[in-house]
Every structure is written in C-alpha cells, then in structure tokens.
Amino acid sequence: MASPLMAPQIMHSWFPWTQKPLILSAPMYGVSNATLAVEVSKAGGFGIIPAGFNFSPGHPQVVALEAELILARKLLGMTSEPSKQMPVGVGFITCHETVAHFSETVLPLLEEHKPAAVWLFAPDPASRVRAHPDIIRRLHESGIKAIVQVGSVAAAREAIQDGSDIIVAQGTDAGGHQFALGAGLMTLVPEIRAMMQAEFPARQVGLVAAGGIMNGGGVVAALALGAEAVVQGTRFIVARESTASESYKGTVLRARDGGAITIKSTIHDDIQGTPIWPSLYDGRAIMGDSYHDHEAGLSMAENIKKYQDAKQSGDVSRSITWCGTGVGLVNDEMTVKDMLNTPCYYEPRSNSPSTAPSDSPDLIATRSSSESRTVDAWTTLEYSSHEPDALSRRLKLDWRQTASLYFQTVHPWFSILRQDKFEEALLRLQYAGVQSERGYHDTNSSPQDDAYELLIICMHLLTTTAHTHGDDDIIVNPLYQNAKQRFASVSYLSDPTLEWIQAGLLISLFEFGNGKTKLAYRSLGETATLARLAGVNPGQYQKDLHSEFDVDAECRRALWWGIFILDQFAHLDPALRNLPSLSSSPDNDALLPTAGVVVDGDRLQSYVVNLPVSAPVSIALGGFQRAAQAATVLYQAREWDRRVRQGDADRGVSSFEDLDGRIRALLDAMLNQCHRWEVFCDALAMCISSLFVLYGPYLPRQSISAPPPQDTTSCDEAKAVAAIGFAVKFVGDLAVNFNSQISQHALRLANLAPPAPFACFLAVEHMHVVEGDLPDPSERYLEIFETLKTFGKRWKVAADLLDLALVRSRSVDVSDN
C-alpha cells in the first residue's frame, strides 16, 4: 500500500509555490471566490476559483469568471506580468448542455488569464459527445494542467485515459455534489492508487483525496492511504474570505455529529430549483425542515412553496446547507492564512500536550512570508435579512444618507430609478424587519428584496468620490466585489426583474466612471441582455398620455435609455471605438424618458413629459432627457464615423450638416435653459464629443495620424478646422466657468458626471490644430488640465485621462521642436 513516503510527489514540481502537505480549496460555487483562492495559494496551498456550469455566450457566469480572473491577478500582484501563469486554478461543472460552448466562451479566457490548472467535474454520461477529452487536449495546448474529480475507480480510469493530470478522489463523506454511488476515502483512495500503478505505470498522474478532511489528522490519514494532496471544502465555508452568508456559516459552526445530521440525496436540488444534475450524482447537506417535511410525506410542490416563501421572508430555517460529515470538527471562523498556517490545527476542540501534533515540516504547512489581505465585512454579507437598517449595521453606512445623496447627485442626470417607488420598497422592507423581530414573517416579500439591497450598495459606490478609494484599483474594493458577485450569482437564477437590471446598470456606471471601460462594456452587455429578456423598450409616442404613464412602462423606458446613454459613454473611450454598439438607435417616435429632474432656481424638481425623441430641442427638459437627446446625436455621429472608416459614407462635411445643426441647437438650448450647467454636464460632453467624432477625420492630413476620407476638399478641411475650433473653445469656456465655481465652492464633486472628462481630453488632443485661432491657448490648456484634475477627485477615469493627456501633450511638444 502506498504511504506518504511512497506516494509520488509530482504535484509540488508542477506547482512550485505549494508547500507540504499540499491542500487544495474546493471550487464551491457561491462560497469560494478569487480572494479566497488567492489567499490559499499565498499560504502554500492551491486555491481553486469556482466558475459555475453555464457557458453560454454572455452568460453572467462567464462574465463573472473573467472578473474573478482579473481580480486574482490583481490580488497576486501580477498585473505587470500578464503572460505569467497564475498560481490558482479554476473549477467547472460540465454536465450542463452549454458545455458545447466551452471552447468558444471559456477557453479564450483561460488562455488569456493563464490559471495553473482547471478542475472538471460531473460530465453527463448520457451526452452523445464526451466533453472532457477535447477540453483537456485544449488545456494542455495552453500549458494548463487538467484536474478531474471522480467518485469511483472506473471514473478515475476514464479520466486518466482522457488525459487528466490529476485525479481528485472524492469519498462519500464529502459535502455538496458527488457520485450518488461511491465509497469512502478509506477504500477509494488506495484502490485508485493501485489501479494507477497497475494500468498506467508510465504516466505521472497526481492523486488527491477529498471528502470529510477537516484537520491535520485527516490530512495525515489521507496521505497514508496513498494520496499526494488533499481537498478541503466544508472547512473553508467559514473562512473570513468566503462569500457564504453569515447564517450559512453559523449553521456550519453550530453543527455536531455530521454523520447523523447530513444526508446524500437529490431532494435538496429539487427543492432549491437546480435541476442540472444527471442521475449519476447527488449531494450531501444538513437535514433541515425541508428534508424532514419531505420524509413526512409533504408534496414536492408544497415543499418548494414553503422553501421559496421562507427564502423571500428572510427565514433561514429551510435553507439548504451543503457540508460534509466532518462538519462537527469545524468550530472557528478565521482567515485562510490562519487556517493553513496554524501549527496545531489537528485538534480544533482540544490542544492538550498529549494530543498536540508534531511541527514536522512534512506534515504542517509553514507560515507564508506573504501578508494576507484583510477582508472587509462587506465581502461576507448576510443574505438572510433584507431590512435596510440591518444592512446599514453590516456595512457600517447610513442607507438613508446614501439614498438621499444618490437622488440629489447622480439621479438628476441618470434617472433610471423612481425615487418614490424605491422609498416605498424600503419602507416595506423596514416593516418586514420589525415584524420579523416580533416573530412574524412577511410571506409577501419578493426576490426583488435582494435587488433593493444591492441597489443600496451600488448607490453607496456611486456616491463615493474617487479619492476615497485611494490608489487601489476598484476591482479589489470589497464592496464592489460583493456587488459583482451578487449580480452574477443571483441574476441567472430567476427571471430578470427591473430591479436587477437597474443594479447591473449602476454597476456598469461605477466601472465606467472608475476607468474600467472595457469591464463596463462587458457588464453593460450582460445588463442589456437581461433587459431584452425582460422586454425593456422606450415605447412609442402617443398623444394619449394615459396609455404611457403607468409606472412599469416608465421604469422600462428609463432603463432602456440608461443602457443606451451608458453605451454612448463607453464608446467615448478610443479602446472601444471599434466595438459594436449594444443598443440600436431609437426611431423618431421613440419616447424620451418620461420622468426627469429640472432646475428651478437652486432647487431640483421632478419633471414629467410625453415627448418623442424627435421633439424640438427648444422645449425645456430635465437632465436625463437632455442626456437621451445628446446620446442620440452621439450615436448618429459614431455611425457616420464608422461609415467613413469603412469607405461607404457620402463625401464631404456638407453631408451631415443637418446633424451638425441639431448638435449646436441642442448645445444652445441647454445653455439657455439653465445657468447651472452641471445639470447637463453629461449631455454637453456628449454633444461636444459628437463634433470631434464628426469632423476629426476631415482635418488636414498633417493634423491627424490617419489619412482623411477620399476626395476630401480644402473646403471640407477648413470647415473641419472651424468646427473643431468651436468645440475646443466651448470646452475651454466651460473649463474656465467650472474652475471658477469650484473655487467658490458653488459645486459639489458628487454632482459631476463621468463623460465630461472625455470632452476635455478630446479638446486637449485637438488643441494643436486650432491653437493659432485661440486668444490664449496656453491658459486654455491649463484650465482644461485643472478641470480634469478636479474631475479626477470624483471619477478615476478623469485621473487616467489626465495622465494620458499629459503624456500626449509632451509628445506633441517634442515633435514640434
């Protein structure tokens, strides 16, 4: 029989950062994450990031995977080494029908971000085409090791034949999903080791034990059975880095006698509503109220209803708690680093001298020199209570102040929420929380409650100025991570509601404003997909007001325009210029946003209209409605630029005179309507950017890097220079006005919209073309740079553009000399 000394030690050579004994974290979906996996690897183990089972193009799980991989590289400090393989793995469930898309959607991400290994589990035996052989072949071509989880000797043999580098032998003591028929580790590991030695003597294949291993004693036992490493899952549920809810963790920590209180069954999946598993698999979980009712003869339909009602009301008594039989040995919540580096973690309850383990380096992982990241309480939010005050206590923020600030600052120019509906929902949640404390449960609570909690988190993110985050990338912001995880993990479980789409849109806006425009584009794409599934559209103009002013239609209209406007924001980034639009242009009869906010003196007031997008710009409108008009002309300008670059546009600038006229008329209307130009900040920026987009290609050849369109005349060039001069001067005038108001404290940073810095950047880019026609070009430069600097305190994208503008201006100076 193989022993710890006899078992091959090849995995340490493959993964040189690991220490002995090698411990892998299980890829538990909804529990583990990039932060936990990175901390495991930093402590000398092998952290595995869970990636789900649905590989459809654009699916939230695919989108979330990319975000997790980006985050992992950031946490590992490897962003400057994009070609270097990361010391983490990624785990996938392969029984879903969308596994056919794996090569299309997932492999490119793995090839780009380079995890050290990929963990595969649960292929569908009924599938006509076996997915694992091709996936493993493609992984090997990319230099990625393949790990396959099995529950029988036959499955281990098949996995090795498929090319697997590592076999995870999962015994029936394991928590969560596993083979329905199998054996415990005591017989499974030795028999697989014997099979490997007899049938594959020339192959180097690692063998890992999983199932019921909670402490050092379990590790030693598994190594003695012939395993080279072990997997821990249930132990990491209570890690501080885990995204398990506090109620989930509490249940695990209180559990005792795991063999008696857990059971392997398919009932939990039926009740929970996750019918993806073939009959070959079941799952081990604690026997809760749902299971006991099933045993007592309650119908499945009634049991499911009780489960859903309890979930919606915040009652955790019917929650499904996946865990292994060793759950009784889990007694303390601690960081991953402390878990893996505690010398005496053999005996979690008793550490007397007679039972304390040896400090042998072969048995105990030595303490890592890397400092573990302190994880904020934000990353372990409890989902059981949606009551706003409970959320405030967990997040240490005042939700009332957060909501009030949001509706004062962001809402006037991005009015995708109805303030009255939002406040009504929070009052209902508050009432439900009070009733719950008194022992009553509100069965009328709905899945949107999760979304309203997420909306509060998004509001907090969007009302926090950039300098509050420091120099850290927003992607490591724990609150942002939590928002992304919530949106990605919950939105696919139910029909898309308007509240979830609103949250996705606010997350995208936060990413855009903080310089992650590509990530914002991806998030916005997923949000737009959910919006289409929910039938979101702007509606058509009708003179009969009553047919269009119901609340649901108004919310859908606002969402459609929010996606369209943010799509135009994102395409201001040159890096996204060639990417397709996520929305089509509204037709002339499409309704503008029904509700908006206008300025009456120094007060903000709600404003309701029933107007089509083709309405005269001379009509006074609110900030969000002006943004819709400006986004429409920017879309049309971008479409013109695309046609010019493809060579199929009409020749000459005279061909878009009408569009030019609409842009200038819209600018005049906004300036004449309100002296507080910040109310129209984003709309003004989009209009000015439209002029740069339209006329930029027609500038004289020496002024631009790309050749102008064919047959461009000197008259076209002269008109282009004049139009660009107008745009530059307009931005310069706004910068002077802006800097003056800021110095007098007449503006708040929180009021500022993120597209404005792009207009400033475009003005700096084109300043050299027209500086001879400006009375004081150097002062204009300084004013615009000062504006970018100030915007950078609110939105990180402005600080990034300022850095780029400084680099570009220096290069222009060098070339001129």
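Reader: Which strands form the open sheet of three, and in what order do they lie?

Author: In this predicted model, the open sheet of three strands has the order 7-11-10, and its pairing is antiparallel. The twist in this sheet averages 30° from one strand to the next.

Reader: Why are strand 7 and strand 10 said to stand at the edges?

Author: Strand 7 (176–179) and strand 10 (262–265) each have a single partner strand, so one side of each is left without a neighbour in the sheet.

Reader: How do you know that strand 10 and strand 11 pair?

Author: Two strands count as paired if there are at least two bridges between them, and strand 10 is joined to strand 11 (residues 281–286) by four bridges, the two strands running antiparallel.

Reader: What is the order of the open sheet of eight strands, and which strands stand at its edges?

Author: The order is 1-9-8-6-5-4-3-2, with parallel pairing. Strand 1 (22–25) and strand 2 (47–50) are the edge strands, because each has a single partner strand and one side of each is therefore left without a neighbour in the sheet. From one strand to the next, the twist averages 30°.

Reader: What makes strand 1 and strand 9 a pair?

Author: Against the requirement of at least two bridges, strand 1 and strand 9 (residues 229–232) are joined by four, and they run parallel. Within this pair, L24 stands opposite V231 in strand 9.

Reader: Which helix packs on the sheet, touching strand 3 and strand 4?

Author: Helix 4 (residues 102–113) packs there, touching both strands, and its direction makes about 170° with that of strand 3. Strand 3 (residues 86–93) and strand 4 are themselves paired in the parallel sense over six bridges, with F92 opposite L120 in strand 4.

Reader: Why is strand 4 called largely enclosed?

Author: A residue counts as buried when its relative accessible area is under 20%, and seven of the seven residues of strand 4 (residues 115–121) are buried, so strand 4 is largely enclosed by the rest of the structure.

Reader: Why are helix 21 and helix 22 called roughly antiparallel?

Author: The axes of helix 21 (residues 498–513) and helix 22 (residues 517–533) come within 8 Å and cross at roughly 165°. Angles over 145 degrees count as roughly antiparallel, and the two helices are therefore described as roughly antiparallel to each other. Their crossing is left-handed.

Reader: Which residues meet where helix 21 contacts helix 22, and how many are nonpolar, polar or charged?

Author: Among those of helix 21 are I501, L505 and F512, while helix 22 contributes residues including L519, L524 and L530. By class, the contact has eight nonpolar, five polar and one charged residues.

Reader: How do you know that helix 28 and helix 29 are also to be called roughly antiparallel?

Author: Helix 28 (residues 756–770) and helix 29 (residues 777–791) pack at an angle of about 155°, with their axes 10 Å apart. With the cut-off for roughly antiparallel set at over 145 degrees, helix 28 and helix 29 are therefore placed in that class. Helix 28 passes helix 29 in a left-handed crossing.

Reader: What does the contact of helix 28 with helix 29 consist of, by residue and by class?

Author: Residues of helix 28 including C760, V764 and M767 meet residues of helix 29, among them Y781, I784 and F785. By class, this contact has 11 nonpolar, two polar and one charged residues.

Note on methods. Residues are numbered from 1 along each chain as its sequence is written. This is a predicted model: local features need pLDDT of at least 70, side-chain atom pairs count only at pLDDT 80 or more; totals for chains, interfaces and linings use all residues. Side-chain values use heavy atoms; hydrogens and water are left out. Axes are lines fitted to C-alpha atoms, for helices over the stretch in contact, and angles run from 0 to 180 degrees between N-to-C directions. Angles under 35 degrees count as roughly parallel, over 145 as roughly antiparallel, 65 to 115 as roughly perpendicular and the rest as oblique. A crossing is left-handed if the near helix is turned anticlockwise from the far one by less than a right angle, and right-handed if clockwise. Contact means heavy atoms within 4.5 Å. Ala, Val, Leu, Ile, Met, Phe, Trp, Tyr, Cys and Pro count as nonpolar, Asp, Glu, Lys and Arg as charged, and the others, Gly among them, as polar. Buried means under 20% relative accessible area, exposed over 50%, partly exposed in between (1.4 Å probe, protein chains only).
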